[in-house]
Amino acid sequence: MTATPALPLLVINGPNLNLLGTREPEVYGTATLDDVHALTEARAAEHGLTVDFRQSNHEGELIDWIQEARTSHAGVLINPAAYSHTSIAIRDALAAVDRPIAEVHISNIHRREAFRHHSHVSAVADVVIAGAGVQGYALAVDWLAAAVRR
């Protein structure tokens with residue numbers, strides 16, 4: 001998996017992440033999606049990279065973006081949110097991306113309800129970061145920056 005570092009990193013956020021900061025702050029914290037956007041942009045800039053930051057509540061739109069990444073992005077950072085546990089279609093789209101893939105979960109999905117313990121995405125992600133809060137996005141950007149330069 002090689003990619004040109006001049007291409008941006010695609011940061012995809014799944015359903016309900018537009019509500020960060022107000023939805024279950026005891027689980028997800030008080031940072032907003034705008035805060036996460038700023039964090040990923042700043043971290044990427046430290047590596048000489050840019051990000052293309054997106055969020056959707058619609059599975060098909062997420063799949064379209066993943067397919068787009070095959071030719072227009074250096075790597076993919078995805079927080080598929082609830083689709084982690086339900087979407088074979090997102091898993092299959094990611095499997096077709098010949099780019100480094102980092103899966104991020106703000107909460108530790110393995111310490112939550114049993115239905116959240118399995119992620120279909122993890123089987124095709126190169127790295128999985130869960131439970132580090134929004135700082136997990138920064139860790140994923142660091143990993144992706146190293147991966148795209150290999």
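Tutor: Let's begin with contact, which here means heavy atoms within 4.5 Å. This is a predicted model, so local features need pLDDT of at least 70 and side-chain atom pairs count only at pLDDT 80 or more, while totals for chains, interfaces and linings use all residues. Residues are numbered from 1 along each chain as its sequence is written, and side-chain values use heavy atoms, with hydrogens and water left out.

Student: OK, let me try that on one residue. What does Leu77 touch, not counting residues up to four places away in sequence?

Tutor: Leu77 touches Leu10, Val11 and Ile12, then Ala102 and Val104, and finally Tyr137, Ala140, Val141 and Leu144, once residues up to four places away in sequence are set aside.

Student: And how do I get from contacts to a core? Which residues have the most contacts inside the largest nonpolar core?

Tutor: A nonpolar core is a set of buried Ala, Val, Leu, Ile, Met, Phe, Trp, Tyr and Cys residues joined through side-chain atoms within 4.5 Å. Buried means under 20% relative accessible area, exposed over 50%, and partly exposed in between (1.4 Å probe, protein chains only). Here the largest such core has 25 residues, and Leu9, Leu20, Leu77 and Tyr137 have the most contacts inside it.

Student: Which helices and strands each supply at least two residues of this core?

Tutor: Helices (H or I, at least four residues) and strands (E, at least two) are DSSP runs, numbered from the N terminus. For this core, the strands are β1 (9–13), β2 (51–55), β4 (101–105) and β5 (127–130), and the helices are α2 (33–46) and α5 (135–149). The largest share, six residues, comes from α5. Apart from this core lies another one, of 18 residues, with Leu10, Val76, Tyr83 and Val121 among them.

Student: Let's stay with α5 for a moment. Is Gln135 buried, exposed or partly exposed?

Tutor: Gln135 lies in helix α5, and with a relative accessible area of 37% it is partly exposed. Leaving out residues up to four places away in sequence, Gln135 touches Leu39 and Arg43. Gln135 and Ala38 are 97 residues apart in sequence, and their C-alpha atoms are 12 Å apart in space.

Student: How should I read helix packing? At what angle do α3 and α4 pack?

Tutor: Axes are lines fitted to C-alpha atoms, for helices over the stretch in contact, and angles run from 0 to 180 degrees between N-to-C directions. Helix α3 (residues 59–72) and α4 pack at about 5 degrees, with their axes 9 Å apart.

Student: Now the annotations. Which residues does the UniProt "active site" cover?

Tutor: UniProt positions are given in the numbering used here, feature names are shortened, and annotations may be inferred rather than shown by experiment. The UniProt annotation "active site" (unreviewed entry) covers Tyr28 and His105. These residues are spread over 78 residues of sequence but cluster in space, with a largest C-alpha distance of 9.4 Å.

Student: Where does each one sit, starting with Tyr28?

Tutor: Tyr28 is in helix α1 and counts as buried at 11% relative accessibility. His105 lies in strand β4 and is buried too, at 4%. Not counting residues up to four places away in sequence, His105 touches Asn79, Pro80, Ala81, Ser84, Ser119, Ile129, Ala130, Gly131 and Ala132.

Student: And where does UniProt place the "binding site"?

Tutor: The UniProt record (unreviewed entry) puts that feature at Asn79, His85, Asp92, Ile106, Ser107 and Arg116. Take two of them: His85 lies in the loop between β3 (75–79) and α4 (88–95) and is buried at 14% relative accessibility. Ser107 is found in the loop between β4 and β5, and at 9% Ser107 counts as buried.

Student: Last one, on backbone angles. What is the phi of Ala81?

Tutor: Ala81 has a positive phi of about 55 degrees although it is not a glycine. Ala81 is in the loop between β3 and α4 and is buried at 15% relative accessibility. Asn16, also not a glycine, has a positive phi of about 75 degrees. Asn16 lies in the loop between β1 and α1 (25–28) and is partly exposed at 33%.
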